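Visitor: Good morning. Could you show me the structure and take me through it?

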Amino acid sequence: MNPVTALIAEDEPVLASALQRQLARLWPDLRITQVASDGLQACQAALSTRPDVLFLDIHMPGASGLEVAERVIEDWPADHPLPLIVFITAYDHHAVAAFEHAAIDYVLKPIRAERLAVTCLRVQQQLNARRQASVEDALPHQLMALRQAQPASPAGEEPLRVLQAAAGTNVYVIPLDDIIYLEAADKYVRIVTQDSHPGTADKLIRTPLKELLPRLDQSVFWQIHRSHVVNVRAIDRVSRQLNRTRVHLKNRTETLDVSRMYTHLFKAM
């Protein structure tokens, strides 16, 4: 049996070393493949080495632990089981309540050996259950629950009704009902409407998708990928083929990929 592997992502070297020493005592057979010092390095290392377990600091430069987890899920090979994730966080009542609500493992700083021992035992049990039977990965559902438990949007911000987008020398005022999907593109978000076609100027806004989402009607605009938010009224059908899920749009030829993080949205009721 191959040894269980793990990655540690922690931007404070002293804490990373302490965690590594504690894990060596509590779980001698665990092999640490890499210690990453920021979120971007953690993403790259996780996808290149594919460890069984990720220990992620929730607050890191480059990308937060939650953002790392979501990116890893989206780019993880479909024929490999997703890694188990343990978040590392300083004590915060709201953060702890969110982790408990989402049923996600976490350890608090400073890390206590007895709490880490409980976490290691739980992770070992989950890995054993996964080996003995085909168990559906719960991680996407847990991360969605964790994100939903976060504050929705800054107080006082009104829900959006229109978007103002630049296209060439023009500025368009676009009602949300006219939007088919939003696409993250470099430093911009591209707004696709029914009259968006090759050869027409892209309608662009500078506000990132993650800042737009809390101000959109979540029952109408679904995030299906870190780069795409789709208007559900514009969806014709969803297809699954070769471990890939795609959204087909009404009166459009292009299709949109659905990442593993969001495939549960389209499971038959």
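This is a predicted model: local features need pLDDT of at least 70, side-chain atom pairs count only at pLDDT 80 or more; totals for chains, interfaces and linings use all residues.

Visitor: What is the order of the strands in the open sheet?

Guide: The order is β2-β1-β3-β4-β5, with parallel pairing. Strands here are DSSP runs of E with at least two residues, helices are runs of H or I with at least four, and both are numbered from the N terminus. Two strands pair if DSSP finds at least two bridges between them.

Visitor: Which strands stand at the edges?

Guide: β2 (31–36) and β5 (105–109) do; each has a single partner strand, so one side of each is left without a neighbour in the sheet. Between β1 (residues 5–9) and β3 (residues 53–57) there are 4 bridges, and A9 stands opposite L56 in β3.

Visitor: And which strands does helix α2 touch?

Guide: Helix α2 (residues 39–49) packs on the sheet and touches β1, β2 and β3, where contact means heavy atoms within 4.5 Å. Its direction makes about 150° with that of β2; axes are lines fitted to C-alpha atoms, for helices over the stretch in contact, and angles run from 0 to 180 degrees between N-to-C directions. Helix α5 (residues 113–132) lies across β3, β4 (84–90) and β5, at about 160° to β5.

Visitor: Now the core. How many residues has the largest nonpolar core?

Guide: It has 43 residues, and those with the most contacts inside it are L56, V68, F87, L143 and V247. The largest share, 5 residues, comes from helix α3 (residues 65–75). A nonpolar core is a set of buried Ala, Val, Leu, Ile, Met, Phe, Trp, Tyr and Cys residues joined through side-chain atoms within 4.5 Å. Buried means under 20% relative accessible area, exposed over 50%, and partly exposed in between, with a 1.4 Å probe and protein chains only.

Visitor: What does L143 touch?

Guide: Leaving aside residues up to four places away in sequence, L143 touches L66, A69, E70, I73, F87, I104 and M261.

Visitor: Why is the pair of W222 and F266 called tilted?

Guide: The ring centres of W222 and F266 are 5.7 Å apart and the planes are at 55°, so the pair is tilted. Rings of Phe, Tyr and Trp (its six-membered ring) pair if their centres lie within 6.5 Å; planes under 30 degrees apart count as stacked, over 60 as edge-to-face and the rest as tilted. W222 is partly exposed at 26% relative accessibility, whereas F266 is buried at 14%.

Visitor: Which ring does the charged end of R115 sit over?

Guide: The charged end of R115 sits over the ring of Y106, 5.0 Å from its centre. The criterion is NZ of Lys or CZ of Arg within 6 Å of the ring centre and within 35 degrees of the ring normal.

Visitor: Last, the loops. Is S196 buried or exposed?

Guide: S196 is buried, with a relative accessible area of 9%. S196 is found in the loop between β9 (188–193) and β10 (203–205). R215, in the loop between α7 (209–212) and β11, is partly exposed at 24% relative accessibility.

Methods:
Residues are numbered from 1 along each chain as its sequence is written. Side-chain values use heavy atoms; hydrogens and water are left out.
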